[in-house]
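Here's a quick briefing for anyone meeting this protein for the first time. Have a look at the structure, then read on.

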Amino acid sequence: ALDGDREIIFDDSDITLDQNTIVIILAHWCPHCRNEVRELSKYFNETEMPKNVRITSLATSIDASRANYPPHDWFEQEDWPIPVIVDTIESDIADSLGVNIFPFFVVIDEKGIVRLRLAGRIGIDGMERLISDLSK
C-alpha cells in the first residue's frame, strides 16, 4: 500500500470473512479518474460501508512524466479514505484483472471469484447501487 503496509485483496486461508471486495483501479494522470476520486472521496468519508462490503483501490499505470505525479500526493490532497495498493511499474495487477480503461472497477466475492468488472466512471449513484446490491 502507499503507506508501506501490506494489503491483501483476497486470502483464501480465511473464507469466513463473508465480504465482497470492490477494487477501484485508478491512474493518477487520467482526468476521469481524478473526477471519480474527487466525487467518491466525499461519499466514502461520509458513508458507513456495510460490514460485508470492503473497498480498496489500486494505483496503476504510474508514470513520473504525466500529470498528478506522485499518486500518493494526489490521494492525500483529495482526502481519499480508501486503502491504496500500488501496482508494479509494469502494471501486473491491473493486467491480471483485465483492466483496459480507467477508472475500472472489479468486484470479488467472498470466495475470491471475480463477479463483475465495470469500465469507466460510475459516480456516487453507481457506487451506491453497487454497494446496495452487494450488501443484500
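**The cysteines**

C30 counts as buried, with 4% relative accessibility (buried means under 20% relative accessible area, exposed over 50% and partly exposed in between, with a 1.4 Å probe and protein chains only). Keep in mind that this is a predicted model, where local features need pLDDT of at least 70, side-chain atom pairs count only at pLDDT 80 or more, and totals for chains, interfaces and linings use all residues. Residues are numbered from 1 along each chain as its sequence is written, and side-chain values use heavy atoms, leaving out hydrogens and water.

- C33 is buried too, at a relative accessible area of 0%.
- The sulfur of C33 sits 3.2 Å from its closest cysteine sulfur, the one in C30, and that's too far for a bond (a disulfide is a pair of cysteine sulfur atoms within 2.5 Å).
- Searching the whole structure turns up 0 disulfides.

**The overall layout**

- The chain has 4 helices and 5 strands (these are DSSP runs numbered from the N terminus: H or I with at least four residues for helices, E with at least two for strands).
- Starting at the N terminus, the order of elements is β-α-β-α-β-α-β-β-α.
- Of the 136 residues in the chain, 41% are buried.
- Take the contacts between residues at least 6 apart in sequence: 77% of them join residues at least 24 apart (contact means heavy atoms within 4.5 Å).

**Strands and crossovers**

- β1 and β2 run parallel, paired over 7 bridges (strands pair if DSSP finds at least two bridges between them), and I22 has I55 in β2 as its bridge partner.
- β2 also pairs with β3 in the parallel sense, over 3 bridges; here A59 is partnered with V86 in β3.
- β1, α1 and β2 form a right-handed β-α-β unit (right-handed means that, with the strands pointing away from the viewer, the path from the first strand over the helix to the second runs clockwise).
- β2, α2 and β3 make a right-handed β-α-β unit as well.
- Because 6 of its 7 residues are buried, β2 is largely enclosed by the rest of the structure.

**The nonpolar core**

- The largest nonpolar core holds 37 residues, and I22, I55, W80 and M127 are among those with the most contacts inside it (such a core is a set of buried Ala, Val, Leu, Ile, Met, Phe, Trp, Tyr and Cys residues joined through side-chain atoms within 4.5 Å).
- Elements giving two or more residues to this core include β1 (20–26), α1 (31–46), β2 (53–59) and α4 (123–134).
- Setting aside neighbours within four places in sequence, F44 touches I24, M49, I55, W80, P81, I82 and M127.
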